[in-house]
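Dear colleague,

Please find the structure below, followed by a short account of what was found in it.

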Amino acid sequence: MYAFTFHRPQTVRQAASLLAKNQEAKLLAGGHTLLPTMKLRLAGPPQLIDLSLIDGLAGIEQSGRSLTIGAMTRHNDVNTSPVVQQAIPVLAKLAGMIGDPAVRHMGTIGGSIANNDPNADYPAACLGLGVTIVTNKRRIKADEFFTGMFSTALEPAEIITKVSFPIPKKAAYQKFRNQASRFALVGVFVSKRGSDIRVAVTGAGSNGVFRVSSFEEALKKRFSPKSLEGMTIPADGMNSDIHGSAEYRAHLVGVLARRAVAEAIGKSAA
Amino acid sequence: MAANTAAVSLTVNGKPVTAEVDPRTLLVQLLREHLRLTGTHVGCDTSQCGACVVHVNGKATKSCTVLALQLGGANVLTIEGLAAPDGPLHPMQEAFRENHGLQCGYCTPGMIMTAVDMVRRKGNDLDEHTIREELEGNICRCTGYHNIVKAIAAGARAMRGTSAAKAAE
Amino acid sequence: MSATGIGAAVRRKEDRRFITGTGHYTDDINRPGQVFAYFVRSPHAHATIRSIDVKSATAMPGVLAVLTGAELGADKIGNLICGWMIHSKDGSPMKMAAHPALANGKACHVGDPVAVVLATTLAQARDAAEKVKVEYAVLPAVTDPAAAQKQGAPQIHDVAANNTIYQWHLGDAKAVDAAFKSANHVTKLDIVNNRLVPNAIEPRAAIGDYDSGTGTFTLWNTTQNPHVARLVIAAFVGMAPENKLRVIAPDVGGGFGSKIFIYPEEVVALWASKRVGRPVKWVADRSEAFLCDAHGRDHVTHAEMAFDVDGKILGLRAKTIANLGAYMSTFSSSVPTYLYATLMSGQYEIPQIYCEVDAVYTNTVPVDAYRGAGRPEATFVVERLVEVGAREMGQDPAELRRRNFIKKFPHQTPVIMNYDAGDYNASLKKAMDLADYKGFAKRKRDSARNGKLRGIGFSTYIEACGIAPSQAVGSLGCGVGLWESAEVRVNPTGSVEILTGCHAHGQGHETTFAQLVSDRLGIPIDNVSVVHGDTDKVQFGMGTYGSRSGAVGMSALVKALDKVEAKAKKVAAHLLEAAEGDIEFKDGKFSVAGTDKSAAWGDVTLNAYIAHKFAGQELEPGLKEGAFYDPTNFTFPAGCHICEVEVDIETGNTEIVAWTAVDDFGVVINPMIVEGQVHGGIAQGVGQALCEGAVYDKEGQLLTGSFMDYCMPRADHLPSMNVDTTVTKCPSNPLGIKGCGEAGAIAAPAAVINAITDAIGTEDLTMPATSSAVWLALQKANRMPHAA
């Protein structure tokens, strides 16, 4: 690691002010992406701002048809929360698929979303459920938040404080792992809430998480895997690397979307 | 040591510890280099192999991916603290020995700490599928996992009704 | 069988320290005043080094020195060497290029060390390393072994035209051609044996410590063979005379071959410790290990097998290009030659075999022995040919194997090896029963109902272990003898230390060697300690690899125990006032034949040392004996592994649903440890077949440089394994041991690929058979069902 100074603010305001003063500073949430990157000297922020002492950033609350999860809530806490398991079971399940048990004890939803790794799981859930991301400055719709690989709508000195999830009627997530990294080679999240049908894909796109409008349109007619039969997406714009070609990823998007819809309606995809 | 240092106080294996560290110091470095607790190992630099797993406030944590300065006031348990130096082994340690769940021994401390945490979260009756899934963050190159899986299942059963699970927290 | 003797599943003596975190691996050791080494490594695969400017790095905080190849040369530190001479078919010797520990004017692979920074802390060394300015002139690079020999390929070393190290062959080409002419069927395969990264979970490490008062060096090192390291570093590198260099291999966290070799980093740690006057510690990061630990495999092969009308094998021919990387590592030349082509007969009676091997330099990390070393590559060739041959001829693969099995022993193959004992039918039959081969068709139908393709694959492998008869390997070019030594030190109170030249890094020698002593001397196993891994304690030894420690190392121990018993009988004769010839030794007790007079083990050992009952002139006091054992033949473990898979048609994902292994390792000392070795070997073989593979891009950058991209098998990649044995004793060593360390890694890849290809109905599948590779194979074969 390169040398840095370490800050532990007590409030979001203090954190934001530190961030405003130090343009190259980084926020430390769970640290499970940032610290490995720093260890490999691929990042060298001169200041590190640890959010863990700030009261009120972690926690899970349901109010009516919406579930709110604090930015510093650990993956394991989402995974094991009876509230989440009851309201949006797939979200609890998805949190349990991130990294490994030890990683889930540290990693946070806010950190994952702010990082917007193109292979991460939470961005698919956020886009696939149409969440609202709440920061110290404003509320941002998921559709506007994820702006490309490792890139978000967050402005300098803007800090995610919580994520507000509308509770869907049906939802499921299918993750096909990169066997080495265990990130999603392709992950497809589907949901249905009234007429709002969403299909969000992580891992596959060369520009990060995205929605598949053709699948959504087909599912609007009937929310069934049959509606997606024979459907695929173009390989253009898909990632291609040693773990899978663009064609393979495009193919998997179709397969996993069908399986996810089947899971959402409680049927086998076969 | 760089001029830029900071103090951190925490509890390690039940003993209060205060150290003056470079902010870059990872928990695993604090343990190995400052406290000479060398049972916690480093096997990779991408937070995947799990050789460095310890418990922080009762939860399995990769000590290579936490800064010492993040842990002010924390309670850390390492493999050295799982059983008294000359006392009886923890049931999970005993199960690893009894089931030949280790060969070179390098990944073993992380495996055992992960296994004890697994029991805390998943209970004493662990089926093979659960154990294999739960080992996603621990890599062993020697055993092919076969005997590790057996050891964890046996260790979990042996922990039933003992204070071991509690002591691990 | 006693509870702790030969054949008992004794729990390991070494485990307590490992499960309590009190082992001592190299990185756990710290020397007073030690400083840290950090290597500046080439970011280019192939480049001329125009200049190295260390000025600003040297001025950084905490830095003691920044050293380069220039200083290394000035101090006359010699090059690293490859210790096995291979001659080409034209009689010319292999073309070994200079391999300095720090690059001398040229970098030949990404990760080639070009300078080293010594500083008070590791962070300081790493900070300063970034300030070392190296000016490179980048040259075109080549990483693919077949491309390396082509016209116009970048030339890596002047000594090796067309990057070719040797063009070797074995067998009778004309006789093989004649056999093929008479064939009824010929099976042809193009095979890539994928490059692997060993990845012992303990990264390599070294501490060099020079004592100026005595002029001696000490090296703590993650090595599988401390004496060989000392020999090479003394005799070839020229660091110090052998008697002024001590090498200690403390607890070592796995090796799998990668810790056999003598590497630049330990040489530099020793040399630098003298230069800076402080102990020097180096510990590899995992990312660094990917770039500096010898890789394994990396063959490109075309192979053909000829069958007669009855499916009897008439001949086999193979042409292999073996990638040895940028430099010739310590034993690299032997792996694709004498450890490979000599196993091409498999378990089969094959009248004629011919194998050609070209070894080439490329701009990649050096390649050397990795678990199995040559034998997995040979087994993959033979077992794929037999399986595909059976499919092409419409025959049952088990039946075709059975028809071709060698049934009479000893059996001389056309490729040097003389198999001494085995029963290949027995292991095949037992494995088929355990795997319920008869029920496979039904299971396949059940899988199909769930949208899965099920397949079954065999691998009836053989390996040559117990490495190795010195005279034999000497005649084939090996620079050392491959005997083993043992010493038995009996203490006055009857406890025993045994010293072995073998080295355990997971194999459990502290238990198995003690079992042998306990069994033989009738003393409790806790009264036996095993000493290894220190050149100051053990006189000499060749280390642990090639499944040799049981067959060779324990045989040396048997010889030493014979001598101890003979001497102890002399002492007992004096003690019991009887003729030496009347003394009998059984269950730890010496008795006089035909009388009730006896003496316990402890009485005799005490008397050996107090020497009150005999004159020191007629019988030397003390009880300590040593022995060197040189095997008379290789050993030939063999067996049958059966893998059953389910392939997800839509995603190409393979799940191994069952694994059956029946191995013949001869006499087993500790079945628990043997099973563990088999499990681990299978996991590494499954890793090669399903997910592991080092990939370079065209510029020579390693794309799989961390566990994020190089897939290590995890617990959920593997099933529980059904492991069993059959036994034919090895006739060539006193215990009848064959060895078990590599079997799984040798057998497994062919079993997996045979199973997957059976499932998907196409042979066009290369390792690793990742889900994307299987999907692609299905696409190519046009077998993709319409999207469900």
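A polar contact is a pair of N or O atoms within 3.5 Å; within protein, one must be able to donate a hydrogen and the other to accept it, and residues adjacent in sequence count only if both atoms are side-chain atoms. Between chain C and chain B, 29 residue pairs are in polar contact, both residues at pLDDT 80 or more. This is a predicted model, in which local features need pLDDT of at least 70 and side-chain atom pairs count only at pLDDT 80 or more, while totals for chains, interfaces and linings use all residues. Residues are numbered from 1 along each chain as its sequence is written, chains are lettered from A and ligands numbered from 1 in the order in which they are written, and side-chain values use heavy atoms, with hydrogens and water left out.

The side of chain C that touches chain B comprises 24 nonpolar, 18 polar and 13 charged residues (Ala, Val, Leu, Ile, Met, Phe, Trp, Tyr, Cys and Pro count as nonpolar, Asp, Glu, Lys and Arg as charged, and the others, Gly among them, as polar).

Five salt bridges cross this interface (a side-chain nitrogen of Lys or Arg within 4 Å of a carboxyl oxygen of Asp or Glu). C:D27 forms a salt bridge with B:R32, with the closest N and O atoms 3.1 Å apart.

The contact (heavy atoms within 4.5 Å) draws 55 residues from chain C and 48 residues from chain B.

Yours sincerely
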